[in-house]
Amino acid sequence: GGTGGEGQRAKQSEALISRYANGQTFDFMPHDTNMYLAGTEEGHIHKCSCSYNEQYMETYFGHMGPVYCIQWSPFVSDAFLTCSADWTMRLWHQDRTKPITTFTTSNKAIFDVKWSPTLPSVFGAVSEGRVEIWDLSKDVLDPLIVFEPATHSNQTSLLFAENANALLIGDSHGQVTVCQLANMPNMSEDEQIDALRKLLVPTTDLA
């Protein structure tokens with residue numbers, strides 16, 4: 001009888017696990033490392049707690065394909081960015097289950113997205129053959145900079161340098177390219193943070 005009970009519980013556990021999509025990426029909240037976001041293969045994003053491993057705290061809907069990267073804003077605690085195989089990058093507020101803004105400029109998967117660690121309104125993204133730098137204090141429809149490296153590889157990851165005006169870009173051939181950034185925003189940090197906060201407030205809340 002005991003063995004049968006254990007077998008039944010094992011089957012139930014397997015069935016429970018099989019209902020969940022594969023995780024693709026995660027990022028811990030900067031100000032509360034007990035909480036984290038997880039992006040899934042099916043396009044959903046789950047807010048999770050290390051203290052409650054059997055349920056999600058929240059689920060965010062918007063992406064139509066696998067979520068490849070999630071990153072919390074280092075300056076505005078409620079904001080986070082995601083990118084996906086569905087050709088889009090999306091800006092979210094943690095209290096809203098739908099994206100605040102969607103960015104798309106091509107019909108290619110976006111492999112990585114990163115906030116600048118020094119410029120609050122700036123982020124970068126990479127896709128197949130393309131690197132984009134966005135400044136949300138200036139424009140939410142078009143990137144500030146578009147760079148198309150003359151290589152026969154896919155750009156797969158990027159990272160802003162913390163102590164220099166530079167960007168590191170990794171590709172599918174295992175190479176890392178270092179690019180110097182120019183024409184970056186000259187607004188103050190507070191002005192950039194204010195511009196980002198205003199984006200996070202839907203127009204219906206301002207009426």
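Visitor: In the open sheet of three strands, what is the strand order?

Guide: The order is 13-14-15, with antiparallel pairing; strands are DSSP runs (E, at least two residues), numbered from the N terminus, and two of them pair if DSSP finds at least two bridges between them. This is a predicted model, in which local features need pLDDT of at least 70, side-chain atom pairs count only at pLDDT 80 or more, and totals for chains, interfaces and linings use all residues. Residues are numbered from 1 along each chain as its sequence is written, and side-chain values use heavy atoms, with hydrogens and water left out.

Visitor: Which strands stand at the edges there?

Guide: Strand 13 (155-160) and strand 15 (176-180) do; each has a single partner strand, so one side of each lacks a neighbour in the sheet. Neighbouring strands of this sheet are turned by 25 degrees against each other on average, direction ignored; the axes are lines fitted to C-alpha atoms, and angles run from 0 to 180 degrees between N-to-C directions.

Visitor: Over how many bridges do strand 13 and strand 14 pair?

Guide: Strand 13 and strand 14 (residues 166-171) are joined over five bridges in the antiparallel sense. Leu158 has Ile169 of strand 14 as its bridge partner.

Visitor: And the open sheet of four strands, what is its order?

Guide: That one runs 9-10-11-12, with antiparallel pairing. Its edge strands are strand 9 and strand 12 (145-147), each pairing on one side only. Strand 10 and strand 11 (residues 130-135) share six bridges, and Val122 stands opposite Asp135 in strand 11.

Visitor: New topic: which residues of helix 2 are buried?

Guide: In helix 2 (residues 189-199; a DSSP run of H or I, at least four residues), Gln192, Ile193, Ala195 and Leu196 are buried, that is, under 20% relative accessible area with a 1.4 Å probe, protein chains only.

Visitor: Why do they line one face?

Guide: Seen down the helix axis, the buried residues fall within an arc of 160 degrees, so they line one face of helix 2; the arc is that of the directions from the axis to the C-beta atoms. On the other side, Asp190 and Lys198 are exposed (over 50%).

Visitor: What covers the buried residues?

Guide: The cover includes strand 7 (89-93), strand 9 (110-115) and strand 10 (122-127), contact meaning heavy atoms within 4.5 Å.

Visitor: Which residues have the most contacts inside the largest nonpolar core?

Guide: They are Met89, Leu91, Phe103 and Phe123, in a core of 18 residues. Such a core is a set of buried Ala, Val, Leu, Ile, Met, Phe, Trp, Tyr and Cys residues joined through side-chain atoms within 4.5 Å.
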